[in-house]
Amino acid sequence: MTDTTIKKQDGRRLRSAASRLRIVEAMRDLIREGNVSPRAEEVATRANVGLRTVFRHFDDMESLYREIGALAMVEAEPLLDLTEPSGTAEERFLTMLERRSRLFERIMPFRIAADANAHRSPYLVEDRDRMNAGLRDLLRNALPASLRKDRTLVDALDAVLSFDMWRRLRMDQNLSVPQAKRTIEAMGLALLAPVRNKR
């Protein structure tokens, strides 16, 4: 193989990788702008590539969802990879609330899009379940050991700190971020009050 042939192949690979990245970024940007289910034609137009190029890189929309999920996870990783909270149960709850509000604001467009398309994507269902389980584990590990055994309390706190609760407050009830945080704080501290009174 000649140097010229190798250079041509390398150039094609670089152009192909650049096109693939533009497609993924186009899909991500459309979702961020509120388009919960972009069509392949819209992605192609935004990425400035042909429709065939989209399907050459991604056999179906499922594979594109996987790439978007991986990209969103990279962006969210710094908000998840944090030291466990310390202090009283109430202080730990407030730390978790602060962290989750930042995380949920970052991923909200992607989670809304994922939920809208989950009925036709096994990957999106698995990804949602994996994230919910991971957040539940983080919550359980962050609670004082004496509270981890109280299944009802853990379930209640998990619901209060869930993405579904955050989305309801922000989207359905149209609360600002500070208002949503105050509402969740009130619910969480009310759940923890009987525990504090038992000490």
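Helices here are DSSP runs of H or I with at least four residues, strands are E runs of at least two, and both are numbered from the N terminus. This is a predicted model, where local features need pLDDT of at least 70, side-chain atom pairs count only at pLDDT 80 or more, and totals for chains, interfaces and linings use all residues. Residues are numbered from 1 along each chain as its sequence is written, and side-chain values use heavy atoms, with hydrogens and water left out.

**View A. The largest pocket and its lining.** On a 1 Å grid over the protein atoms alone, a pocket is an open set of points with protein on both sides within 12 Å along at least five of seven lines, while a cavity is a set where a 1.4 Å probe fits but cannot get out; lining residues have an atom within 4 Å of a point. Points are joined across faces, edges and corners, and volume is the space filled by probe spheres set on them. The largest pocket holds about 450 Å³. It has 23 lining residues, and the closest to its centre are Gly69, Ala72, Met73, Asp127 and Met131. Two or more lining residues come from each of α4 (61-80), α5 (89-117) and α6 (122-142), with α6 giving the most, 9 residues. By class, the lining has 16 nonpolar, 3 polar and 4 charged residues (nonpolar: Ala, Val, Leu, Ile, Met, Phe, Trp, Tyr, Cys and Pro; charged: Asp, Glu, Lys and Arg; polar: the others, Gly among them).

**View B. Helix α6 and its buried residues.** How far apart are the end C-alpha atoms of α6? They are 30 Å apart, which agrees with the 30 Å that its 21 residues should span at 1.5 Å a residue (1.5 Å times one less than the number of residues). Tyr123, Leu124, Met131, Leu135, Arg136, Leu139 and Ala142 are buried (under 20% relative accessible area with a 1.4 Å probe, protein chains only; exposed is over 50%, partly exposed in between).

**View C. Phe104 and Phe163, an edge-to-face pair.** Rings of Phe, Tyr and Trp (its six-membered ring) pair if their centres lie within 6.5 Å; planes under 30 degrees apart are stacked, over 60 edge-to-face, the rest tilted. That rule gives 1 aromatic pair: Phe104 and Phe163, 5.5 Å centre to centre with 85° between the planes. Phe104 lies in α5 and Phe163 in α9 (residues 163-172), so the pair ties together parts 59 residues apart in sequence. Phe104 counts as buried at 1% relative accessibility, and Phe163 does at 2%.
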